[in-house]
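Take each task in turn, try it yourself, and then follow the worked steps.

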Amino acid sequence: MTPWDRLSTLAETAQGQSILDLFTQEGRAAEFSARFGDMLFDYSKTQIDTKTRAALLDLAREAGVESRRAAMFSGEKINETEGRAVLHTALRAGPEARVLVDGVDVMPGVRKTRAAMARFAEDLRSGAFMGQGGAITDVVNIGIGGSDLGPVMAVLALAPYHDGPKVHFVSNVDGAHIHDTLQHLDPTTTLVIVASKTFTTIETMTNAETARKWMATQVTDTGAQFAALSSNTEATQEWGIAQNRVFGFEDWVGGRYSLWGPIGLSIMLAVGADNFDAFLQGAAEMDAHFCTVPLHDNVPVMLALVGIWHAQIQGHASRAVLPYDQRLLRLPAYLQQLEMESNGKRVSMDGADLARDSGPIVWGEPGTNGQHAFYQLIHQGTRTVPCEFLVAAKGHEPDLAHHHALLVANCLAQSEALMRGRSLDEARSSMAAKGLAGPELERQARHRVFPGNRPSTTLIYPQLTPRTLGQIIALYEHRVFVEGIILGINSYDQWGVELGKELATKLGPVLAGETGADDKDGSTRALIEYVQSNRS
Ligand SMILES: O=P(O)(O)OC[C@H]1O[C@H](O)[C@H](O)[C@@H](O)[C@@H]1O
């Protein structure tokens, strides 16, 4: 019997197994949680028991998690469809590290770029680097996908550490985005960063061109107030950005894994090089944990196995990520790219159809806001949505500690409510206490039943510092990697984004009326006609 078969059988047995009843086993909370430093990952509020966990760990071993992990860290070209190594971990490696790609140590180059970024950041933050109108007050990062989501998420998350210029982000090709961002800024004291690994992404290049025109209205040497983050340094030069403000990286850094290097410049500008270093250090600590701790106690591995249990074994199509932390507002969006662009694939590494479901749909919002919106479905809908809660024991506002206490209480209450539910008898008693009786009591009570037994995990940490944020992001990166290995997926390519881009490029001239729409289907033709007759 393969571990997959064993897990299917275990899932059948687990059907109807009360999670709450599992807690009659003494010490379950400690036994079904994993620690990393002062961070605790609690997965005891799931149906996973000792046998299930053993089978999940066998699955990980048989899939070759340990050897694939070694292959990734040693610079092997594990991104086989693109023939590339996967070494975002090198961007945060410590001073002693040596990482070979094709026999060459890449670390001297990584350190050189990191030092150049830090010098530039400190020059800009101290006012040594200025715009035409004086010290830089605002920075606009123009990028999309991995060149946007990571930096936006991290800059918002680290608000208590901001002591640099105000950082803004423009990603959407919708002119509204750049318009609304630039209209309040002064071009003479603004730095524009063009962040694009390829430096060909149409949205980014269109926005960059618009920013350049805006800058030219008041600045004589526009190029002097631009910086570029890219692995295509030739294109940055052609575009007119001086070499000393181009921060390059190699093709072994995937877009959605790139915030640790040059793509993180906006984060460094906002919080300073020391805080950025702490962010990298946190991630490096998680890397060391992932590489050395036995699978059973390994937080990324266990997070991945819980994910596999819920998505591929129990068949839950989505998972909700619910940070009880307003500053992690964009974490769900960031994780949507990280997880769904990495593991949303229908063929395995060798091109065969995937034997089971690909990675799940990831969605979420910060708590407590989500509670007043979609938690209704999570508690009483017909589908089970495994929930991943994140919360800090302590906030950053000592005088608002009572807010934080309420926040934490709500987070803990939600995982408890999801597990415990409310029975029909309990609902009946509360209706009876309100004076209801007979059929009306019965009808009202049924609406107030919570089936419960809904699984969730909680990641809890002392406080959201730069170091903790680095740990959390690296944790999720490795989770994605482990899930991808188990599914046999190449988590590091993204061919699924190409077709839409190609068709959009061809539709441009059609919409402009330069070419006909004869080869289009009826629906697309009708939409084209609608746009053409309603845009003037
Ligand atoms: O950084 P860029 O080359 O501009 O790419 C930006 C983004 O666009 C692509 O379509 C990919 O789906 C993303 O993985 C990537 O992060």
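## Pockets and a cavity

By class, the second largest pocket is lined by eleven nonpolar, five polar and four charged residues. Here Ala, Val, Leu, Ile, Met, Phe, Trp, Tyr, Cys and Pro count as nonpolar, Asp, Glu, Lys and Arg as charged, and the others, Gly among them, as polar. This is a predicted model, where local features need pLDDT of at least 70 and side-chain atom pairs count only at pLDDT 80 or more, while totals for chains, interfaces and linings use all residues. Residues are numbered from 1 along each chain as its sequence is written, and side-chain values use heavy atoms, with hydrogens and water left out.

**Exercise 1.** Find which residues lie closest to the centre of the second largest pocket, and which helix gives the most to its lining.

*Step 1.* Recall the terms: on a 1 Å grid over the protein atoms alone, a pocket is an open set of points with protein on both sides within 12 Å along at least five of seven lines, while a cavity is a set where a 1.4 Å probe fits but cannot get out; lining residues have an atom within 4 Å of a point.

*Step 2.* The second largest pocket has 20 lining residues, and those closest to its centre are G109, V110, K112, T113 and G248. Its volume is about 400 Å³, where a volume is the space filled by probe spheres set on the points, and grid points are joined across faces, edges and corners.

*Step 3.* Helix 6 gives the most, with eight residues. Helix 6 (107-126) and strand 11 (246-248) each supply at least two. Helices (H or I, at least four residues) and strands (E, at least two) are DSSP runs, numbered from the N terminus.

**Exercise 2.** Describe the largest pocket by its volume and its lining.

*Step 1.* The volume of the largest pocket is about 1,000 Å³.

*Step 2.* It is lined by 35 residues, with T198, T201, V497, E498 and K501 closest to the centre. They divide into eleven nonpolar, 14 polar and ten charged.

*Step 3.* Helix 20 brings the largest share, four residues. Helix 9 (202-216), helix 14 and helix 20 (498-511) each supply at least two.

**Exercise 3.** Work out why the annotated active-site residues do not all gather at one spot.

*Step 1.* The "active site" annotation, from an unreviewed UniProt entry, covers E341, H372 and K501. Such positions are given in the numbering used here, feature names are shortened, and annotations may be inferred rather than shown by experiment.

*Step 2.* These residues span 161 residues in sequence, and the farthest two C-alpha atoms are 36.6 Å apart, so they do not all gather at one spot. From this set, E341 and K501 belong to the lining of the largest pocket.

*Step 3.* E341 sits in helix 14 (residues 331-343). Leaving aside residues up to four places away in sequence, E341 touches R256, Q336, D493, Q494 and V497, where contact means heavy atoms within 4.5 Å.

*Step 4.* H372 lies in the loop between strand 13 (361-363) and helix 15 (375-380). H372 counts as exposed because its relative accessibility is 69% (buried is under 20% relative accessible area, exposed over 50%, partly exposed in between; 1.4 Å probe, protein chains only).

**Exercise 4.** Find how many cavities of 30 Å³ or more there are in the whole structure.

*Step 1.* The search finds one.

*Step 2.* The largest cavity has a volume of about 40 Å³, and its lining includes V306, H310 and R319. Helix 13 gives the most to this lining, with three residues.
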